[in-house]
Amino acid sequence: MEQREFGNTGLKVSVLGLGTGQIGDARHSEDLAGTLMNRALDYGVTLVDTARGYGLSEERIGRHLSWRRDDFILSSKGGYGVDGANDWTPGAIRLGIEQALARLHVDWIDIFHLHSCPLDVLHRGELLGALDDAREAGLIRVAAYSGDNDALHHAATSGRFGSVETSVNLADQWSAQQILPLARGAGLGVIAKRPIANAAWQYAERPAGQYAETYWERLGILDLNGVRQGAGLEWDEFALRFSAYTPGVHCAIVGTASIDNLERDIQLAQKGPLPLDVLTHVQAAWDAHGKGWGGEI
């Protein structure tokens, strides 16, 4: 699988990464989690993304992947939910990283994100010193920010972070338009989350109250189905190739608890960028309808 330089961080990442939110769901078996994660690495996926809020994810990575620590880039997130510290405090960063390392059974985290940290907290700057301390101690390699909109803009232009993680997909292009050019100029690594727009197209009717609802509405307004069909693309291929090859994206993370879906995603990502005429239609639809839409909804 294609490997890319991750901004100016000194890391290399695969074009497709594995998000482990679904793997952390206790309804999925330990055997499935271990098989899927190891299969991903066997296929050349070299970035594994987790977070404190992803259920059993960190513990399962520790049990099933820690023995292969040199085979993958480990991305995690935190700042909240830490035993012994209040959310969004230096203690939450310090203790959170230490506790994550213990759960993960590793000595360092390659990329550690402040996970949707509020803008006012970023402005105070006290968490940045805690990240600097963790980096100097060798506990993390890259201090990063995960989020969208104004807080993401602040993080991308602050000069204090080495990478960002943000939503980039057909129905959520705010970061692609507003942030990725800034990130490229600053040498930041970029991880794209939600690359298949929560598979909103699978719903015949509006999925009221579900995670995909706003993306479903946006895809209907953008009216990209004819473009997709004309190019002979299934929705998942259309969406994944768009996100993974958006200029400025280094790695698009997909979350799944299905080995078959993982293998299909890897095959699709290896097909490369969408044809230029398809991208031109997508851009025209966004310019006509999407410019007033913000990021992460």
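**Figure 1. The largest nonpolar core and a second, separate one.** In this predicted model, the largest nonpolar core holds 64 residues, and those with the most contacts inside it are Leu114, Leu131 and Tyr145. A nonpolar core is here a set of buried Ala, Val, Leu, Ile, Met, Phe, Trp, Tyr and Cys residues joined through side-chain atoms within 4.5 Å, where buried means under 20% relative accessible area, exposed over 50%, and partly exposed in between (1.4 Å probe, protein chains only). When its neighbours within four places in sequence are left aside, leucine 131 is in contact (heavy atoms within 4.5 Å) with Ile93, Phe112, Leu114, Ile140, Ala143 and Phe161. A second, separate core has 21 residues, among them Tyr215, Phe238, Ala239 and Trp293. Residues are numbered from 1 along each chain as its sequence is written, local features need pLDDT of at least 70, and side-chain atom pairs count only at pLDDT 80 or more, whereas totals for chains, interfaces and linings use all residues. Side-chain values use heavy atoms, with hydrogens and water left out.

Figure 2. In the order 3-4-5-6-7-8-9-10, 8 strands close into a barrel with parallel pairing, and the twist from one strand to the next averages 30 degrees. Helix 5 (residues 126–136) packs on the sheet, where it touches strand 6 (109–115) and strand 7 (140–146), and its direction makes about 150 degrees with that of strand 7. Helices (H or I, at least four residues) and strands (E, at least two) are DSSP runs numbered from the N terminus, two strands pair if DSSP finds at least two bridges between them, and axes are lines fitted to C-alpha atoms, for helices over the stretch in contact, with angles from 0 to 180 degrees between N-to-C directions.

**Figure 3. Strand 10 and its two partners.** Strand 10 (residues 251–255) is mostly covered, since 4 of its 5 residues are buried. Strand 3 (residues 16–19) pairs with strand 10 in the parallel sense over 4 bridges, and glycine 17 stands opposite isoleucine 253 of strand 10. Strand 9 (residues 189–193) also pairs with strand 10 in the parallel sense, over 2 bridges, with isoleucine 191 opposite cysteine 251.

**Figure 4. The salt bridge between aspartate 110 and arginine 69.** The structure holds 26 salt bridges, a salt bridge being a side-chain nitrogen of Lys or Arg within 4 Å of a carboxyl oxygen of Asp or Glu. In the one between aspartate 110 and arginine 69, the closest N and O atoms are 2.8 Å apart. Aspartate 110 lies in strand 6 and arginine 69 in the loop between helix 2 (57–64) and strand 5, so the pair ties together parts that are 41 residues apart in sequence. Both aspartate 110 and arginine 69 are buried.

**Figure 5. Arginine 218 in helix 9.** Helix 9 (residues 213–222) contains arginine 218, which counts as buried at 5% relative accessibility. The side chain of arginine 218 meets that of aspartate 172 in a salt bridge (4.0 Å, N to O), and because aspartate 172 lies in the loop between strand 8 and helix 7 (174–178), the pair ties together parts that are 46 residues apart in sequence. The side chain of arginine 218 also reaches the backbone oxygen of glycine 294 at 3.1 Å. The buried residues of helix 9 are Glu213, Tyr215, Arg218, Leu219 and Leu222, and what covers them includes strand 8 (163–167) and helix 13 (276–289).

Definitions and conventions:
Polar contact = N/O pair within 3.5 Å; in protein donor to acceptor, adjacent residues only side chain to side chain.
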